[in-house]
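Student: I want to learn to read aromatic contacts and cavities in a model. Can we take one as an example?

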Amino acid sequence: MVGLSPDILLRAYAVGLFPMAEHQDDPTLYWIDPEKRGIMPLDRFRIPRRLRKTVRQHCFEIKCDTAFENVVRLCAEPAEDRKETWINAEIIKLYVDLFEIGRAHSVECWLDHQLVGGLYGVALGSAFFGESMFSRVTDASKVALVHLVARLKKGGFTLLDTQFVTSHLNQFGAVEIHRTGYRQLLSSALDKNANFYGELDGAELESFIQSTTQTS
């Protein structure tokens, strides 16, 4: 895959494709179009009971789009639960370029002025394509996900694409749907406008938490 640009990347997202590398040291990118696609239904988002307490305690300072490239680079680093990642140098460059034109965003968890967790993804229409997340402190990536979903709901988003379903995402209500159904949801989401930038105050966050399903 050569000559990949932000415009081409957005066109690919619009038809259901996304790029990945085999591993972070592989310079080649491949288009992925899985038969089973992971999504997070925004109206059926679940928050485990213990995590609700953590979110309400405001252990982290939550910021958006203040350290986008750092979030991507930290997502690219191996961690205890993943020895290799698919984020190579080309991926980092492409998504930083998307960020610079307002199409990619990060949700960040800060603790004692240190970036300790977060996630990033791409916004197109009312669809948000979650790319990756990282955590250097317990629950940091999970708290970032809660804030992401709250922000997406406030901003009028209708689709949160998780690409695949992992055990980590399953606890929040992520499901797999067939490629055909996914493309129908995607087409509908692309016809609508949404706003990522709506700030959440404490009352709005609490209202969102109360609207979600609680799990053990």
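Tutor: We go through ring pairs, charges over rings and then the cavity. Keep in mind that this is a predicted model.

Student: How is a pair of aromatic rings described?

Tutor: By the distance of the centres and the angle of the planes. Here, a search of the whole structure gives ten aromatic pairs. Take Phe68 and Tyr120: their centres lie 5.8 Å apart with 80° between the planes, an edge-to-face pair.

Student: Where in the chain do Phe68 and Tyr120 sit?

Tutor: Phe68 is in helix H3 (residues 68-76) and Tyr120 in strand S7 (residues 114-124).

Student: Is Phe196 buried or exposed?

Tutor: Phe196 is buried, because its relative accessibility is 3% and the limit is under 20%. Tyr197, at 48%, is partly exposed.

Student: Which charges sit over rings?

Tutor: Arg151 has its charged end over the ring of Phe196, 5.1 Å from the centre. Arg37 lies over the face of Tyr182, 4.1 Å from the ring centre.

Student: What lines the largest cavity?

Tutor: Its lining includes Thr54, His58, Phe60 and Val143. Helix H2 (49-57) and helix H5 (140-155) each give two or more residues. By class, five lining residues are nonpolar, three polar and none charged. The space inside is about 40 Å³.

Notes: Residues numbered from 1 in each chain as written. Predicted model: local features only at pLDDT ≥ 70, side-chain atom pairs only at ≥ 80, totals over all residues. Heavy atoms only, no water. 1 Å grid on protein atoms, 1.4 Å probe; cavity = no way out; pocket = protein on both sides within 12 Å on 5 of 7 lines; lining within 4 Å. Points joined across faces, edges and corners; volume = space filled by probe spheres on them. Helix = DSSP H or I, 4+ residues; strand = E, 2+ residues; numbered from the N terminus. Nonpolar A, V, L, I, M, F, W, Y, C, P; charged D, E, K, R; others polar. Phe/Tyr/Trp six-rings, centres within 6.5 Å; stacked < 30°, edge-to-face > 60°. Buried < 20%, exposed > 50% of the residue type's maximum accessible area, 1.4 Å probe, protein only. Lys NZ or Arg CZ within 6 Å of the ring centre and 35° of its normal.
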